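Open the model in your viewer and show side chains.

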Amino acid sequence: STDSGTFVACPTNICTEDVYSGTTFRFNVTGWTSYSQRETGVTTVTACGTISSPGRYVLLNSVTSTNGCFIISSDDVSFDCANFAVTHATSTSGVGFLVYDRINVTIANCTITNGGATTDADNLRIGRTNFSRFQNLTLNSDGSVGQGFRIENQSNFNIIEDSVVVANVSQPVWLTYSQNNNFTNNRFSVAAASSSTPIIFDNSSDNNTFRNNTYTGTSGSAL
């Protein structure tokens, strides 16, 4: 019959997922027509803004902001950049991702770059955020002031893994008043012209664990 262009949900007793890997679905069909698929329970994102409700979010394209880009203002948020780029602070101060007073937040698969602002332009900043995960991130701090990842004000029991954090001038990672965080399989580096230390612990940042990380700098200590 002729395709009407109207899509309806396929009952689970007829349509069964064969393989779902990353963003690729594979499934069997018994006839030829138009098919559309989407992952249920996921909100797609196409521009910088505030994430104010729990749930799963997926970025559909690269985004750019003259100041800050994303604010996570809800608990229980999973944000997947799907390997798209987030460029923030191209002309004025602003943080790429700001996460404050939150619990159970995941940010993954992002490339976050400071577009050149010279003040208050961390790629990722968390404060009073606990039991959260930051995974497979590439953080590029190009400005003269601003860390790749700033962890502050009692941000505890978080996991940072499989990420690359590069700073041209300031520190890739700065921890202050934050404890019991776990850093695993990351690479932290500073630019050749910088004398900054890749990781700074400040003000009672105790019991943080580092496993299988690589530190690159031109002078001073790794930690």
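Is Phe188 buried or exposed? Select Phe188: this residue is buried, with a relative accessible area of 1%. Keep in mind that the model is predicted.

Phe188 and Tyr215 make a stacked aromatic pair, 5.8 Å centre to centre, with 25 degrees between the planes. Colour the strands next. Phe188 sits in strand β19 (residues 187-190) and Tyr215 in strand β22 (residues 214-216), so the pair links distant parts of the chain, 27 residues apart. Tyr215 is partly exposed, with a relative accessible area of 27%.

Together with Phe188 and Tyr215, they form one aromatic cluster.

How many aromatic pairs does a search of the whole structure find? The search finds eight. For another of them, select Phe131 and Phe157. Their ring centres are 5.2 Å apart and their planes are at 5 degrees; planes under 30 degrees apart count as stacked, so this pair is stacked.

Follow the chain on either side. Phe131 is in the loop between β12 (124-127) and β13 (133-141). Phe157 is in the loop between β14 (149-152) and β15 (159-161). The pair therefore ties together parts that are 26 residues apart in sequence. Stay on Phe157: at 44% relative accessibility, Phe157 counts as partly exposed.

Last stop: Trp174. Which residue lies over its face? Select Arg150, which lies over the face of Trp174 at 5.5 Å from the ring centre.

Notes: Residues are numbered from 1 along each chain as its sequence is written. This is a predicted model: local features need pLDDT of at least 70, side-chain atom pairs count only at pLDDT 80 or more; totals for chains, interfaces and linings use all residues. Side-chain values use heavy atoms; hydrogens and water are left out. Rings of Phe, Tyr and Trp (its six-membered ring) pair if their centres lie within 6.5 Å; planes under 30 degrees apart count as stacked, over 60 as edge-to-face and the rest as tilted. Helices (H or I, at least four residues) and strands (E, at least two) are DSSP runs, numbered from the N terminus. Buried means under 20% relative accessible area, exposed over 50%, partly exposed in between (1.4 Å probe, protein chains only). A charge sits over a ring if NZ of Lys or CZ of Arg is within 6 Å of the ring centre and within 35 degrees of the ring normal.
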